[in-house]
Amino acid sequence: MTDIHTQFIDTSQLRIGMFVYLDMGWMEHPFPVSNFRISHQEQIDKIRLLGLERIRYAPAKSDPEPEPAAIAEAPKEVAAESPAAKAARERRELLASQAASLQHCEKQFSHAAQTFRSIHEQMHAQPDTARELAEQLIEGFLGDILTEDEAAIRLLSEKAGEKTSLHAINVVVISLLLGKALGLGKADMLHLGIGALLHDLGKMMLPDRLRWVDEHFNHSEKQLFQEHVAHGVQLARKLGLPAPVQLLIGQHHEYFDGSGYPSHASGDRLNLPSRILSLVNYYDNLCNPANPALAITPHEALSQIFTQYKARFHAPTMTAFIRMMGIYPPGSVVQLTDERFAMVVSVNSSRPIKPRVVIHDVSVPREEALVINLEHEPHLGIHKSLKPLQLPKAAFDYLSPRKRLCYFFERGLELSPERGGDV
């Protein structure tokens, strides 16, 4: 996979020859693809009409024409910038770039959540429309994920999603990234994405109090809850979803050792997309249970899956999942080797051992804290994972550990090594 670094640029500065990325759904722009090299002025004009102030571009893949002013005018002398002023300017630019990336992820998540709600609202009265919305949403995701760029799993702010859509979109994002890591073809990826998005569709047919599994359910209530799988398959048929998607919905609680439900399917009866969805669904339910008081940290969830429940999951699928998520997935609270406290906010799926973190630093206001890429810090690493309540109060308030974890993906965004330690 090619490692491509991108950065943000004002649309007013676009020039022919730049390789740009339109970080929006494929239905939201007039171009056939979402990333391309600008070849003529008309493309620039169309991009500016989209109302975007800034977009991403890849300098290494660009060969921009010189600006007209640079041709027409001789260079003018510019007053030398002091080292302190240069450092302050670079820090402001980096903060702005990081904020823009996070805002884009949250905007995309919000769009996906809105589409998810529309699917639920229209599935009975307009099943064809609901199916088309699901297909368009996942095709848009795949347009971004199935590129040569590296993908990073990004933790969003807690306000980004409510419970129902949050779980569904988390499972979609992580399942598709894992499917890509395991080499699934595009058709299987499309089916996986739609199945992940709609895997809990059948819960709509349950009474409100039974829609979220509770450890206090009696035997009858537990059986009623498990019927959401059969309800989901029925609704998938009503929507006209392909047979592979129906199978995914029917198997999202099945485990490799046969201990799942409703059919106790095991081994080769579970294809790779089903193995992926079952594992990712289980992981997210550990991190985002119905009762937030029962939530465990992402690090604990991975550890629990590997040490206590690994028989439930296909070993190569589980290994790829842990490799992709890293030892400390986004949302993990950690102590660094220099004893400072930090929260993991982003993990590059191809280089997960050195995630990106926000570090508690009393000398830096929280809103000005940079995301630090530990890959660029050879003398700094993670010493251990912590539970949020183990943090000192000042660090807890600064890092604001999430009660509910909300994930999306971002592409090609890197801190430059020389700026990595500025927090």
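This is a predicted model: local features need pLDDT of at least 70, side-chain atom pairs count only at pLDDT 80 or more; totals for chains, interfaces and linings use all residues.
The core is a handy place to start. The largest nonpolar core has 80 residues, and the ones with the most contacts inside it are L197, L198, Y283, F321, M325 and F408. Helix 5, which covers residues 163-181, supplies the largest share of this core, with 10 residues. L198 gives an idea of who meets whom: leaving aside residues up to four places away in sequence, L198 touches I119, A134, L239, L241 and I249. Several of these partners turn up again in the helix pairs below. I119 is part of helix 3 where helix 3 meets helix 4, and A134 is part of helix 4 there. I249, in turn, belongs to helix 9 where helix 9 meets helix 8.

Next come the helix pairs. Two packed helices are described by the angle between their axes and the distance between the axes. For helix 3 (residues 83-122) and helix 4 (residues 127-145), the axes come within 8 Å and cross at roughly 160 degrees. An angle over 145 degrees counts as roughly antiparallel, so helix 3 is roughly antiparallel to helix 4. Their crossing is left-handed. On the helix 3 side, Q108, H111, A112, T115, S118, I119 and Q122 take part, and they meet P127, T129, A130, L133, A134, L137, F141 and D144 in helix 4.

Two residues of helix 3 are worth a stop of their own. Q108 sits in this helix and counts as buried because its relative accessibility is 8%, under the 20% cut-off. Not counting residues up to four places away in sequence, Q108 touches D23, M24, G25, E28, D144 and F408. Among these, D144 is a residue of helix 4, while F408 is one of the core residues with the most contacts. R91 is also found in helix 3, and with a relative accessible area of 16% R91 is buried too. From R91 to A369 there are 278 residues in sequence, but the C-alpha atoms of the two are 9.9 Å apart in space.

Helix 8 (residues 228-239) and helix 9 (residues 243-250) form another pair, packing at an angle of about 165 degrees with their axes 8 Å apart. That angle makes helix 8 roughly antiparallel to helix 9. Here the crossing is right-handed. V229, G232, V233, A236 and R237 from helix 8 meet Q246, I249 and G250 from helix 9.

Helix 6 (residues 186-197) and helix 10 (residues 272-287) cross at roughly 35 degrees, and their axes come within 10 Å. This crossing is right-handed. The residues that meet are L192, G195 and A196 on helix 6 and P273, I276 and L277 on helix 10. Two of the core residues with the most contacts, L197 and Y283, fall inside the residue ranges of helix 6 and helix 10.

P298, A301, L302, Q304 and I305 are its buried residues. They cover an arc of only 160 degrees around the axis, so they lie on the same side of helix 11. On the other side, T307 and Q308 are exposed.

Finally, some loops have features of interest. In the loop between helix 9 and helix 10 lies P262, which is joined to Y261 by a cis peptide bond with an omega of about 10 degrees. The loop between strand 6 (333-336) and strand 7 (341-348) holds E339, whose phi is positive, about 80 degrees, although E339 is not a glycine. E339 counts as exposed because its relative accessibility is 62%. R340 lies in the loop between strand 6 and strand 7 as well, and a relative accessible area of 27% makes R340 partly exposed. R340 and S34 are 306 residues apart in sequence and 40 Å apart in space, C-alpha to C-alpha. S400, in the loop between helix 13 (393-399) and strand 11 (407-411), is another residue other than glycine with a positive phi, near 50 degrees. At 39% relative accessibility, S400 counts as partly exposed.

Note on methods. Residues are numbered from 1 along each chain as its sequence is written. Side-chain values use heavy atoms; hydrogens and water are left out. Buried means under 20% relative accessible area, exposed over 50%, partly exposed in between (1.4 Å probe, protein chains only). Helices (H or I, at least four residues) and strands (E, at least two) are DSSP runs, numbered from the N terminus. The arc is that of the directions from the helix axis to the C-beta atoms. A nonpolar core is a set of buried Ala, Val, Leu, Ile, Met, Phe, Trp, Tyr and Cys residues joined through side-chain atoms within 4.5 Å. Contact means heavy atoms within 4.5 Å. Axes are lines fitted to C-alpha atoms, for helices over the stretch in contact, and angles run from 0 to 180 degrees between N-to-C directions. Angles under 35 degrees count as roughly parallel, over 145 as roughly antiparallel, 65 to 115 as roughly perpendicular and the rest as oblique. A crossing is left-handed if the near helix is turned anticlockwise from the far one by less than a right angle, and right-handed if clockwise.
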